[in-house]
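Welcome to this short tour of a protein structure.

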Amino acid sequence: MTKTSAQQYAQAVLDECLDSLPKDYPKILDSFCAVLEKNGDLSKWHEIEKALLVLDDERNSVSRAELWSSRPLSDNELEGLTAQVMADSGRQQVVWKQRIDKKLLGGVIVKYGDRVLDMSYDGNLRRLKTFLSN
Amino acid sequence: MSETKDYIVEQIRERISRFQNLAETKSVGRVLKVSDGIALVSGLSQAMMSEILEFKAASGSVMGVALNLEENQIGAIILGDYTAVKEGDEVVATQRILEVPVGEAMVGRVVNALGEPVDGKGQIKAAAFYPVEKIAPGVITRQSVTQPVQTGIKAIDAMIPIGRGQRELIIGDRQIGKTAIAIDAIINQKGQNMKCIYVAIGQKESKVANIVARLEEAGAMEYTTIVLAGASHPAALLYIAPYAGCAMAEYFLDKGEDVLVVYDDLSKHANSYREISLLLRRPPGREAYPGDVFYLHSRLLERACKLNAEHGGGSITALPIIETQSGDVSAYIPTNVISITDGQIYLEPDAFYQGNRPAVNAGLSVSRVGSAAQIKAMKKVAGKLRIDAAQFRELAAFAQFGSDLDDETKKKLERGRLLTEIFKQDQYNPISVAKQVLIFFALTNGLIDNLPLDKVKEFEAGLYEYADISGAKLLDKVATSGEWNEEIEKELRALVSDYKKTLQYLQ
């Protein structure tokens, strides 16, 4: 029998719920859990949860981005970055998770999806080193 | 001192000014699973087929190549030390397709499948980098094969001629002289305006070391590159090696030069691809090979070609080698490669153990290019040799049962025995085309019909020596003029007769 992936489970349960009324949700979710148990896929729940989050973000056009900077960014700076991530990812909303990392010396590193945008001084110095040594 | 300082400062300033302080965007993923040189990687949604991936392992970067592109993950082969790569390691897409260094600097070197030197002769300064995978030249750019590749092996040059741009398979059981034919062919390319590339796939490194030593001894490393993916190397490198060798050949092809590439051997190449495919969980087919194992070899061998004059006129001649099990040419990989190539040289175990070396089977060997790839003189003297040799085998088997044979049959048998003796040739001892014409001329014109079989080798060696002294101009004319007329025939006849007069056992 073909194995069902976590993405396929997530897509199925989300589609089913979106096509139904909220009052029917408990019934759908009961059936879903029964199917998981029957297929021996209860252990996939964590992956399914992640896949659901990704699908929901896709549906709501949300991009989740992580941001590392050497100091807290101003609203203006964050706004500029948001516009850039929105343009690159094609999403209409960006949810930020910010972290401070003094090692960056300056600038920022942004990560969204499988893209990494390195605008840090640290990264630039590393690239300058490679450029000069070549 | 001050001038030096100014110079240094100026140079650094200039270099730094050229550096563009831009943001770097990269596509990253994580290793989900790694086993036996294969990694499954999440993310990298924009990775390309055959793109180089950088695995950021704890002990340093390890390179890999994307091979399976799926919706949420990609399958990659790891080209370096795969034991260093761990689950969860970051993987960066480099946006570069796998490529190898090419150029004149590669000649005379032993390199691995990635073009890195392994001969301890220092770094290679490559002229350029060529992609490992490339679409073969199209119909418009090609022309038919007309120029010969002289292998220096009598049985091959006479019966199964190979042309520049041809793909000729060498097939036979293990330890039967397949590599020997390829190496002899490389040795004979000296002064023939041909670059050679020998790709060792899954071979023992001691065997390759011997080959390198032999080629060096014969002065053949001056125009040869060895691409080594040894038996101890991971399957990924064995898989890439022939394509890398072909890319190196394409550099010379683009310059309008002729190249001879030996793939030794494609059976092991198919095995390595099977290993990779099974680890990547691609569906297995016949003999557990994946569905695209035919394409694996057809796309490689299609890159062998003869380009027309408008496209430089260069050529890549391919000599793939296939190892059979107990002489079974109808197995999966042998039949695939037989159908792709323009002919095959089949080496037969029985003939080999009878002492007929090279053990070429005249009946099963064929060159689809045929006499188009022979010089006129060779065409003239050796035109019917393959049929004669094949008929002799049949006749000899039949004659075992009957003692009462007519004169015609007896004559054919005698001639056949003589031909079989002449076809015997020592390894690393290629013979020039003019000398081959000379001996075949003597045979087909009945000039040596009375030669005892046990004297053939001695006679032949003596004839070549005699011709070097007394007929050097004639040999040169035969090899270079491309003509064949009565005058040449007369001179050859005279040369053989004169030599025979010097031999007591023929008086």
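How many bridges join strand β15 of chain B to strand β16 of chain B, and in which sense do the two strands run? The model you see is a predicted one, and in it 6 bridges join β15 (residues 258-264) to β16 (residues 315-323), with the strands running parallel. One such pair to look for is B:Asp258, whose bridge partner in β16(B) is B:Ser315.

**The sheet around these strands**

- Strands β15 and β16 belong to an open sheet of 8 strands in chain B, and its order is β8-β14-β13-β15-β16-β12-β17-β18.
- The pairing in this sheet is mixed.
- At the edges you will find β8 (110-112) and β18 (366-367) of chain B, each of which pairs on one side only.
- Strand β13(B) pairs with β15(B) in the parallel sense over 7 bridges, and here B:Lys195 stands opposite B:Val259.
- Strand β13(B) also pairs with β14(B), again in the parallel sense and over 7 bridges.
- Within that pairing, the partner of B:Cys196 is B:Thr224 in β14(B).
- Buried or exposed: which describes the residues of β13(B)? This strand is mostly covered, with 10 of its 10 residues buried.

**Helices of chain B**

- Helix α4 (residues 205-217) of chain B lies across β8, β13 (194-203) and β14 (224-230), and runs at about 175° to β14(B).
- Helix α5 (residues 235-254) of chain B packs on the sheet too, where it touches β8, β13, β14, β15 and β16.
- The direction of α5(B) makes about 175° with that of β13(B).
- Helix α1 (residues 2-18) of chain B has 17 residues and reaches 24 Å from its first C-alpha to its last, close to the 24 Å expected at 1.5 Å a residue.
- Helix α1(B) is hardly covered, as the count of buried residues among its 17 is 0.

**The nonpolar cores**

- The largest nonpolar core holds 149 residues, and B:Ile186 and B:Val261 are the ones that touch the most other members.
- Helix α5(B) gives the most to this core, with 16 residues.
- Leaving aside residues up to four places away in sequence, B:Ile186 touches B:Cys196, B:Tyr198, B:Leu215, B:Ala220, B:Thr224, B:Leu260 and B:Val262.
- Another core, of 11 residues, lies apart from the largest one, and its members include A:Ala65, A:Leu81, A:Val85 and A:Ile109.

**Where the two chains meet**

- In this model, 13 residues of chain A are in contact with 14 residues of chain B.
- On the side of chain A that touches chain B, β4 (115-118) and α5 (121-133) of chain A each supply at least two residues.
- Which element gives the most to that side of chain A? The answer is α5(A), with 6 residues.
- By class, this side of chain A has 6 nonpolar, 3 polar and 4 charged residues.

**Chain B as a whole**

- Chain B contains 16 helices and 18 strands.
- Its C-alpha trace spans about 90 × 65 × 45 Å along the principal axes.
- Of the 507 residues in chain B, 46% count as buried.
- Among the contacts in chain B with a separation of 6 or more, 72% are between residues 24 or more positions apart.

Note on methods. Residues are numbered from 1 along each chain as its sequence is written. Chains are lettered from A and ligands numbered from 1 in the order in which they are written. This is a predicted model: local features need pLDDT of at least 70, side-chain atom pairs count only at pLDDT 80 or more; totals for chains, interfaces and linings use all residues. Two strands pair if DSSP finds at least two bridges between them. Helices (H or I, at least four residues) and strands (E, at least two) are DSSP runs, numbered from the N terminus. Two residues are in contact if their C-beta atoms, placed from the backbone, lie within 7 Å. Axes are lines fitted to C-alpha atoms, for helices over the stretch in contact, and angles run from 0 to 180 degrees between N-to-C directions. The expected span of a helix is 1.5 Å times one less than its number of residues. A residue is buried if 20 or more other C-beta atoms lie within 10 Å of its own, exposed if 12 or fewer, and partly exposed in between; C-beta atoms are placed from the backbone. A nonpolar core is a set of buried Ala, Val, Leu, Ile, Met, Phe, Trp, Tyr and Cys residues joined through C-beta atoms within 7 Å. Ala, Val, Leu, Ile, Met, Phe, Trp, Tyr, Cys and Pro count as nonpolar, Asp, Glu, Lys and Arg as charged, and the others, Gly among them, as polar.
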